[in-house]
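The following explanation leads the reader through selected secondary-structure elements and the way in which they are arranged.

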Amino acid sequence: MLPEILAPAGSFDALTAAVRCGADAVYLGGKVFNARRGAGNFDDNELKAAVSFCHSRGVRLYLTLNTLINDNELGTAVNIVEYACSIGVDALIVQDLGLARMISDIAPAMSLHASTQMSVQTPYGIELLKESGFSRVVLPRELSDEEIEKIGESCDIELEMFVHGALCMSVSGQCYMSAMLGSRSGNRGLCAQPCRLPFGVKGGNGHDLSLKDLSLISHLNDKKLSHICSLKIEGRMKRPEYVAAAVTACRKALGGDLSPVILQDLKSVISRSGFTQGYYTSSLGRDMFGTRQHEDVKASSTVLSSLARLYEKEPQTVRVDFAMTCVRNEPLSLSAKSGEKSVFIKSEIIPQAAKNRPVTRESIELQLQKCGGTPFLPHSIEIELDEGLNIPVSAVNALRREALDSLLKKLGEITPVPFSKSDIPAFNKHKVSGTKIYARFSEISQIPERLGGIDKIIVPLYSGEKELSALAQSGLKIVVELPRGIFGSYERIAEQIKKVKSAGVSACSVGTLDGLRLAKKEGMKIHAGFGTNIFNTQALEYFTSQGVSDALVSAELTLKQAASLGGSLPRGLIAYGRIPLMLTRNCPAKNGMTCAECRGKSSLTDRMNASFPLVCSNGCTEVLNSRPIYMADRLNEIKDMDFIILYFTT
């Protein structure tokens with residue numbers, strides 16, 4: 001069975017292009033709570049019409065609710081879920097664990113797809129998502145073909161992956177650059193794409209956070225992708241011609257009929273210095289970087305009109321069976337059936353005896369086969385016909401048109417998903433008896449001799465067992481920080497957790513669900529750390545249910561929002577330190593030099609000559625902010641936090 005081709009739709013024109021060019025499913029957003037709030041998107045009436053349009057043509061529709069949501073917005077989000085259920089949306093694509101937790105309670109029959117914004121990279125995290133009610137997981141773009149294959153062999157859940165479109169420098173869900181530099185959060189659907197602006201490393205091209213677009217269309221039939229059920233095209237901000245070209249290319253590739261012409265058209269309609277397959281083929285480095293050039297813009301204007309013709313006409317893809325009755329003394333009638341849906345249309349015309357040439361089965365069948373301009377493809381045609389009768393051709397055509405119109409409407413009828421309305425749970429205001437101080441260090445050598453007032457020390461997982469043992473024996477409360485970028489190294493990390501546990505350390509700080517699951521399986525005490533994107537009380541409750549002992553709330557929350565979070569789980573925030581703005585798997589410094597030349601001492605410089613340090617760990621790189629958060633002069637505004645973290649980096 002071929003995998004699903006999943007197309008983006010930022011407008012109804014793009015939706016039409018996707019469906020007419022052969023998409024099996026589309027994904028789109030409403031006016032709020034979707035990661036592409038800059039696209040046209042769909043209001044309630046448009047969304048209902050989109051569902052009907054897709055379902056009548058055998059295409060599934062997934063609604064994106066893939067942003068973080070604060071407590072004050074949960075009520076609105078629940079109303080959107082209720083409406084989505086009422087119009088029969090096929091699935092919801094979700095990032096926020098708190099919202100997902102609520103959907104599982106109020107609409108357990110609704111399919112939940114875990115957005116790539118959840119940053120889940122391993123079978124461990126995917127296993128946890130399945131237990132949490134998800135039926136599908138959208139994989140990160142940064143996985144290699146071997147890592148995808150291994151996940152597919154290990155996981156009993158639907159897997160979806162991006163195969164074409166724009167490629168962010170950061171792992172999805174782990175980018176805070178737009179939020180921190182311009183107060184427009186990518187995790188809230190408002191990314192300003194600052195990464196496309198000039199950021200330079202030594203020896204680079206001055207746009208060292210800008211990657212070429214991804215394209216894996218020539219690899220769609222690879223055996224390593226045999227467990228992938230959905231091939232996803234990025235592009236809700238792009239025009240219909242792009243959608244048409246991308247869907248057509250995917251369809252032809254799966255059919256073994258991919259030509260260089262369609263690939264060239266796809267490159268022409270939009271690309272950044274061409275395409276890359278670097279993550280998939282494990283070919284990281286300079287070849288992956290690219291920007292939108294004048295030549296790229298010029299090329300797009302030459303192909304738009306030809307690509308528009310790809311979706312100009314309605315293709316006939318929906319099978320229909322006809323049964324017509326033409327007998328004496330009875331009105332002419334026609335039934336039309338597609339799948340389980342059927343209609344019966346009766347004419348006012350009663351066949352008369354023929355004076356000259358009587359109607360034949362062949363002539364009636366010829367008229368019924370004329371389904372052009374509709375999505376219907378005639379299959380079987382049964383005709384009950386008495387001899388010697390005359391029927392106007394116009395009467396047969398009118399019956400066919402009315403039957404197909406009625407059948408199309410019936411195919412697009414709403415099948416609601418069960419929904420149980422409930423109030424947003426009220427949580428008691430969180431109270432603290434005092435605020436503790438945690439200190440996080442990039443390496444053990446940073447730790448000063450005197451640590452008066454520090455309750456916990458957080459250090460990297462790979463700090464050395466002897467050093468960790470010495471710290472633990474000194475009486476300090478030690479927590480090891482697991483990498484946020486785990487990807488294919490999860491077995492090695494599991495072994496390292498065992499080693500640090502033997503060294504006397506019993507707690508882990510985790511930044512993703514992958515790390516949470518790994519630490520939990522090794523019996524470690526768990527702290528939800530930076531990267532878990534805890535944005536509401538329901539998310540805190542989710543981590544409580546997973547046995548987490550305390551949690552760092554999102555750095556994107558205001559102090560007022562953080563203080564208003566309810567529930568009993570101890571929580572805290574970063575009060576000092578350079579926030580990691582990005583987690584990347586292709587180091588920006590590789591656009592200018594080798595790792596041997598860099599020696600872990602590189603930085604990015606922006607247009608204002610601000611310097612953003614680059615820190616490498618476990619095969620990934622963090623882009624740190626150019627300046628640290630400093631809250632020492634605002635401590636009186638930090639309310640109801642059980643701890644604050646001093647986050648030491650450089």
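**Helices and sheets in the predicted model**

In this predicted model, helix α9, which spans residues 260-269, has as its buried residues I262, D265, L266, S268 and V269. Viewed down the axis of α9, these buried residues fall within an arc of 160 degrees, and they therefore line one face of the helix.

A pair of helices may be considered next. Two packed helices are described by the angle between their axes together with the distance between those axes. Helix α5 (residues 123-131) packs with helix α15 (residues 513-521) at an angle of about 95 degrees, and their axes are 7 Å apart. Because angles of 65 to 115 degrees count as roughly perpendicular, α5 is roughly perpendicular to α15. On the α5 side the contact is made by Y124, G125, E127, L128, L129 and E131, which meet L513, D514, L516, R517, L518 and K521 of α15.

The discussion now turns to the sheets. Four strands, in the order β13-β12-β11-β15, form an open sheet with mixed pairing. Its edge strands are β13 (341-346) and β15 (376-385), each of which pairs on one side only. From one strand to the next, the twist averages 15 degrees. Within this sheet, strand β11 (residues 318-326) pairs with strand β12 (residues 333-338) in the antiparallel sense, over five bridges. A323 stands opposite S335 of β12.

Two helices accompany these strands. Helix α11 (residues 361-368) lies across β11, β12 and β15, and runs at about 150 degrees to β15. Helix α12 (residues 393-411) packs on the sheet, where it touches β11, β12, β13 and β15. The direction of α12 makes about 145 degrees with that of β13.

A further open sheet consists of four strands in the order β24-β27-β26-β25, and its pairing is antiparallel. At its edges stand β24 (580-584) and β25 (603-605); each has a single partner strand, so one side of each is left without a neighbour in the sheet. The twist here averages 25 degrees from one strand to the next. Strands β26 (residues 611-617) and β27 (residues 620-624) pair in the antiparallel sense over four bridges. The bridge partner of C616 in β27 is T621.

Key. Residues numbered from 1 in each chain as written. Predicted model: local features only at pLDDT ≥ 70, side-chain atom pairs only at ≥ 80, totals over all residues. Heavy atoms only, no water. Pairing = 2+ DSSP bridges. Axes fitted to C-alpha atoms, helices over the stretch in contact; angles between N-to-C directions. Contact = heavy atoms within 4.5 Å. Parallel < 35°, antiparallel > 145°, perpendicular 65-115°, else oblique. Buried < 20%, exposed > 50% of the residue type's maximum accessible area, 1.4 Å probe, protein only. Arc of directions from axis to C-beta.
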